[in-house]
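Subject: the model I promised you

Hi,

Here is the structure I said I would send over. Have a look at it first, and then read my notes below.

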Amino acid sequence: MHFKHRLRDATLAGLAAFTAVIVLSYLKNWTHFMVLSAPLGATLVLLLLLPSAPLSRPKHVILGHLLTTILSIIGLKFIPDPMLGLAICFGLSFTLMVLTDTLHPPAGANPILIYLADPELVPMDFILPTLFGTLFMVGFASMYHYIFTHRRYPFGPKVAKVNKAKAPKVANTAAVKSRINESS
C-alpha cells in the first residue's frame with residue numbers, strides 16, 4: 001500500500017479512536033459507570049484496523065467480553081484466594097472462549113482487570129459497562145467502516161461503488177449460463 005494511503009488510513013483510524021474514547025469518557029457522566037477499559041481499548045484497535053479478522057466479529061467481541069467478565073465475577077464470589085481465583089478464571093476464560101467459539105484476545109484481560117478492581121463492587125458494575133462498551137464499539141466500528149473505508153463491517157470486504165452511467169450492461173443470465181455450459 002502506498003504511503004499516502006497508509007497515512008490517510010492511519011489518520012482516520014486515529015481520529016476515530018479519539019472520537020470513540022472521548023464519547024465513552026463523557027458517557028460516564030450519563031451512565032454513572034465507567035464504560036471504557038483497557039481491554040475495550042484493545043478491542044477498538046482490532047475493530048478499526050483489522051475488521052475482517054475472524055476475532056473482530058461482533059459475536060467474538062460481545063460474547064467473549066461478557067463470558068470472561070461473568071466468569072471472573074463468579075470467581076470473585078466463590079474462590080477466596082485472589083491469586084488462585086485469578087489464575088483459575090484467567091485459564092478457564094481461554095478454555096471457554098475456545099469452546100464457545102467466542103475467542104477475542106482483548107477479552108482475555110478482563111479477569112485481570114476485574115481482580116485488580118474493588119472486590120466490593122456489585123456484579124452489574126462489571127457486566128453493564130462490558131455490555132454497553134462492547135455494543136458501542138461494534139456499532140461505532142460499523143459506522144466508521146461504512147462511512148470512511150466503505151467496508152460492510154462485520155460482513156466482509158469493501159463495497160464497490162458503481163457509477164450506473166459507466167457500469168457495463170449485464171447480459172441475460174440464461175444466455176451467460178448457456179455459453180458457460182457450451183464451453184465446458
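A quick word on terms first: I call a residue buried under 20% relative accessible area, exposed over 50%, and partly exposed in between, using a 1.4 Å probe and protein chains only. This is a predicted model, so local features need pLDDT of at least 70, side-chain atom pairs count only at pLDDT 80 or more, and totals for chains, interfaces and linings use all residues. Residues are numbered from 1 along each chain as its sequence is written, and side-chain values use heavy atoms, with hydrogens and water left out.

**Overall layout**

The protein has 7 helices and 0 strands, where helices (H or I, at least four residues) and strands (E, at least two) are DSSP runs numbered from the N terminus. Along the sequence the pattern reads α-α-α-α-α-α-α. Of its 184 residues, 33% count as buried.

**Aromatic pairs**

For these, rings of Phe, Tyr and Trp (its six-membered ring) pair if their centres lie within 6.5 Å; planes under 30 degrees apart are stacked, over 60 edge-to-face, and the rest tilted. That rule gives 3 aromatic pairs. One of them is F90 with F94, a tilted pair at 4.9 Å centre to centre with 55 degrees between the planes. Both residues sit in helix α4 (residues 82–99), 4 residues apart, or about one turn of the helix. F90 has a relative accessible area of 29%, so it is partly exposed, and F94 is also partly exposed, at 41%.

Another pair is Y144 and F148, whose ring centres are 5.6 Å apart with the planes at 40 degrees, so this one is tilted too. Y144 and F148 are 4 residues apart in helix α6 (residues 124–149), again about one helical turn. Is Y144 buried or exposed? At 6% relative accessibility, Y144 counts as buried, whereas F148 is partly exposed at 45%.

**Salt bridges**

Side chains of opposite charge can pair when their charged atoms come close. The cut-off here is a side-chain nitrogen of Lys or Arg within 4 Å of a carboxyl oxygen of Asp or Glu. The structure holds 2 salt bridges.

In one, R8 pairs with D9, and the closest N and O atoms are 3.0 Å apart. R8 is partly exposed at 44% relative accessibility, and D9 is partly exposed at 26%.

In the other, K59 pairs with D101, with the closest N and O atoms 3.0 Å apart. This pair links distant parts of the chain: K59 is in helix α3 and D101 is in the loop between α4 and α5, 42 residues apart. K59 is partly exposed, with a relative accessible area of 39%, and D101 is partly exposed at 43%.

**Helix α1 and the surface**

F18, I22, V23 and Y26 form a nonpolar surface patch with about 400 Å² of accessible area together. Patches are made of residues with over 30% relative accessible area and no salt bridge, with like charges joined within 9 Å and nonpolar side chains (Val, Leu, Ile, Met, Phe, Trp, Tyr) within 5 Å. The areas come from the Shrake-Rupley method with a 1.4 Å probe, and for residues only the protein chains shown count as cover. Y26 lies in helix α1 (residues 3–31) and is exposed, at 58% relative accessibility.

G14 is in helix α1 too, and is partly exposed at 40%.

**A cis peptide bond**

Where is the cis bond? The peptide bond from Y153 to P154 is cis, with omega near 5 degrees. P154 is in the loop between α6 and α7 (173–183).

Cheers
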